[in-house]
Amino acid sequence: MEHFPLFLNLRGRRVLVVGAGLVAARKIALLLSAGAQVTVLAKVAHPSVSAQADQGHITLHLGAFDAQWLQGMWLVIAATNDEALNAVVAQAASARQLWCNVVDDASRSSAQVPAIVDRAPVTIAISSGGAAPVIARRLRERIEALVEPSIGSLTALARRQRAAIRRARPELGARRRFYHWLLDGPVHDALRAARPDAAEALLKAALRTREAAPQGKVLLVGAGPGDPGLLTLRGLRALNEADVILHDRLVSAEVLQLARRDALFVSVGKTPGEDHEATQRRIHALMVHHATLGHTVVRLKGGDPLVFGRGGEELLMLREHGIAYEVVPGITAALACGAYAGIPLTHRAVADTLLLATAHRRAAAERADAPSQHTRIYYMGVERLAALGEQLTQQGLPFDTPCALVENGSRTGQRTLHATLATLAAQARAHSIASPALLIVGEATRLGQSLAWFGKTLTPEHTPTSTVQAAALAA
Ligand code: SAH
């Protein structure tokens with residue numbers, strides 16, 4: 001972390017502003033809105049600053065800066081248009097171990113003023129560490145749009161009723177659910193409708209009734225292929241409602257970072273020496289355990305939970321135990337890899353059928369008949385490329401059928417290898433393609449060679465053709 005964020009209570013505390021131009025005037029207004037007792041020191045003052053002094057909002061001194069002025073101050077802001085003078089103020093403050101902000105000069109500032117979203121008593125502050133204030137301001141705009149104005153009055157109401165809420169809901173979990181209800185339920189609706197009295201009455205009525213026993217549930221959530229931008233909004237909300245998050249190994253760290261910080265995170269990937277069935281039994285037991293305790297459990301899976309994720313088995317098990325569930329779809333690897341490798345999975349006159357299969361089962365490949373206008377997608381296939389290629393050609397697909405192997409689809413290290421059924425296995429070995437990777441087979445993959453836009457594209461030229469042909473013949 002480059003800067004330590006801190007919210008100052010300036011109410012009634014003395015702050016010195018050096019400078020009284022328009023820049024200083026903006027800072028003065030901000031300080032006054034935080035209740036600071038502002039002293040302004042400048043050689044000349046802008047009329048708006050003089051007016052503030054005339055109205056008794058600030059104390060204005062016209063004169064030169066002297067370190068004596070720092071006496072009794074909690075904070076200093078240097079806002080003159082004289083760089084040398086700003087530097088003198090910063091140094092004097094630093095000598096007294098007093099925080100000093102030099103407006104628009106991060107290098108001289110020991111404290112920086114962030115971009116602010118004000119929903120008092122909620123304050124959201126954004127800093128780019130002085131590196132790019134425009135970026136901080138753009139983020140602020142987005143957050144302004146995201147955080148409803150009513151959040152301020154809701155928080156103020158919650159503050160007024162804090163002790164009562166604590167008394168009525170002494171248990172932490174119950175209290176947390178109550179706050180969620182405040183945010184999502186009729187109290188917030190009443191505030192949005194500018195009916196603060198109704199909101200308060202609703203809150204008090206809810207506190208008088210006992211909370212119904214919490215119902216545990218499981219949300220089966222698709223985390224998408226890795227890029228956090230590909231998580232759905234519903235998925236994001238689920239991650240922030242979760243008490244417990246049981247996540248697969250494939251789920252990216254960036255996605256996990258979007259989840260509620262104080263949720264219990266359990267990585268439920270296969271552990272060394274454990275077989276798949278034992279892993280699955282362990283996951284089932286964890287889901288039942290936490291849901292029975294009344295927790296909201298998010299079972300987070302890579303891609304889509306119902307595409308090669310054993311999600312169906314988990315739902316059957318939950319139904320058997322009478323546990324409530326919801327399913328939040330995710331972007332499956334096939335869709336993400338197609339999109340991020342520039343490969344249309346269907347394309348007029350080229351591909352009209354889409355087949356999603358696992359490379360793991362021999363039967364999967366045998367089932368497929370061989371019309372050429374199919375795009376075939378194989379999950380979990382990196383170790384079986386040679387066998388898979390062989391099966392497909394035995395079924396009548398030409399050796400030169402184009403295919404693409406997408407490694408780490410949508411993630412920063414994405415690589416797409418274009419090859420043919422004949423050259424695929426050798427090429428993949430030559431480029432050390434590793435899991436997670438998805439194999440797409442069919443004429444449509446050819447388009448990816450010109451439509452690619454993300455990550456790295458590997459074409460057969462990278463290995464001498466003779467080696468490739470030799471490997472293909474040997475296969
Ligand atoms: N439920 C997941 C699939 C789980 S099976 C989904 O819908 O995507 C795991 C296989 O998915 C991996 O072996 C790989 O073939 C594929 N896969 C998952 N994420 C991937 C990614 N980011 N890039 C390429 N392949 C991926």
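Modeller: Happy to; I'll start with the helix pair, then go on to the ligand, a few loops and some backbone details. Please keep in mind that this is a predicted model.

Let's begin with the pair itself. Two packed helices are described by the angle between their axes and the distance between the axes. Here the partners are α5, covering residues 150-160, and α7, covering residues 172-184. Their axes are 11 Å apart and meet at an angle of about 145°, and the crossing of α5 and α7 is right-handed. If you want to find the contact on your screen, look on the α5 side for Ile 151, Leu 154 and Ala 158. Across from them, α7 brings Tyr 179, Leu 182 and Leu 183. The residues of this contact comprise 6 nonpolar, no polar and no charged ones.

Now stay with α5 for a moment. Its buried residues are Ser 150, Ile 151, Gly 152, Leu 154, Ala 156, Leu 157 and Ala 158. The cover over the buried residues of α5 includes α7, together with strands β6 (115-119) and β7 (122-126). Helices α6 (162-168), α8 (186-192) and α9 (196-208) also belong to that cover.

Most residues other than glycine have a negative phi, and most peptide bonds are trans. In the loop between β6 and β7 sits Pro 121, and the peptide bond from Ala 120 to Pro 121 is cis, with omega near 5°. Another cis bond runs from Ser 435 to Pro 436, with omega near 0°. Pro 436 is placed in the loop between α17 (424-430) and β17 (437-441).

Backbone atoms are worth checking here. A backbone N or O atom of Ala 437 is 2.6 Å from an oxygen atom of the ligand. For Asp 304, a backbone N or O atom is 2.8 Å from a ligand oxygen. Met 380 also places a backbone N or O atom 2.9 Å from an oxygen of the ligand.

Arg 310 has a phi of about 60° and lies in the loop between β11 and α13 (311-320). Its relative accessible area is 27%, so Arg 310 is partly exposed. Ala 349 has a phi near 70° and belongs to the loop between α14 (333-340) and β13 (353-358). Ala 349 counts as exposed because its relative accessibility is 70%. Helix α16 itself, residues 385-394, has Leu 385, Leu 388, Gly 389, Gln 391, Leu 392 and Thr 393 buried.

Gly 19 lies in the loop between β1 (14-18) and α1 (22-33). With a relative accessible area of 5%, Gly 19 is buried. Setting aside residues up to four places away in sequence, Gly 19 touches Ala 24, Val 40, Leu 41, Ala 42, Ala 79 and Thr 80. Leu 62 is 43 residues from Gly 19 along the sequence, and their C-alpha atoms are 9.6 Å apart.

Thr 296 belongs to strand β11, residues 296-301. Its relative accessibility is 13%, so Thr 296 counts as buried. Beyond neighbours within four places in sequence, Thr 296 is in contact with Lys 217, Leu 219, Glu 241, Ala 242, Asp 243 and Val 244.

At 19% relative accessibility, Thr 459 counts as buried because the cut-off is under 20%. Apart from neighbours within four places in sequence, Thr 459 contacts His 418 and His 431. Ala 419 is 40 residues from Thr 459 along the chain, yet their C-alpha atoms are separated by 6.9 Å.

Methods
Residues are numbered from 1 along each chain as its sequence is written. This is a predicted model: local features need pLDDT of at least 70, side-chain atom pairs count only at pLDDT 80 or more; totals for chains, interfaces and linings use all residues. Side-chain values use heavy atoms; hydrogens and water are left out. Axes are lines fitted to C-alpha atoms, for helices over the stretch in contact, and angles run from 0 to 180 degrees between N-to-C directions. Helices (H or I, at least four residues) and strands (E, at least two) are DSSP runs, numbered from the N terminus. A crossing is left-handed if the near helix is turned anticlockwise from the far one by less than a right angle, and right-handed if clockwise. Contact means heavy atoms within 4.5 Å. Ala, Val, Leu, Ile, Met, Phe, Trp, Tyr, Cys and Pro count as nonpolar, Asp, Glu, Lys and Arg as charged, and the others, Gly among them, as polar. Buried means under 20% relative accessible area, exposed over 50%, partly exposed in between (1.4 Å probe, protein chains only). A polar contact is a pair of N or O atoms within 3.5 Å; within protein, one must be able to donate a hydrogen and the other to accept it, and residues adjacent in sequence count only if both atoms are side-chain atoms.
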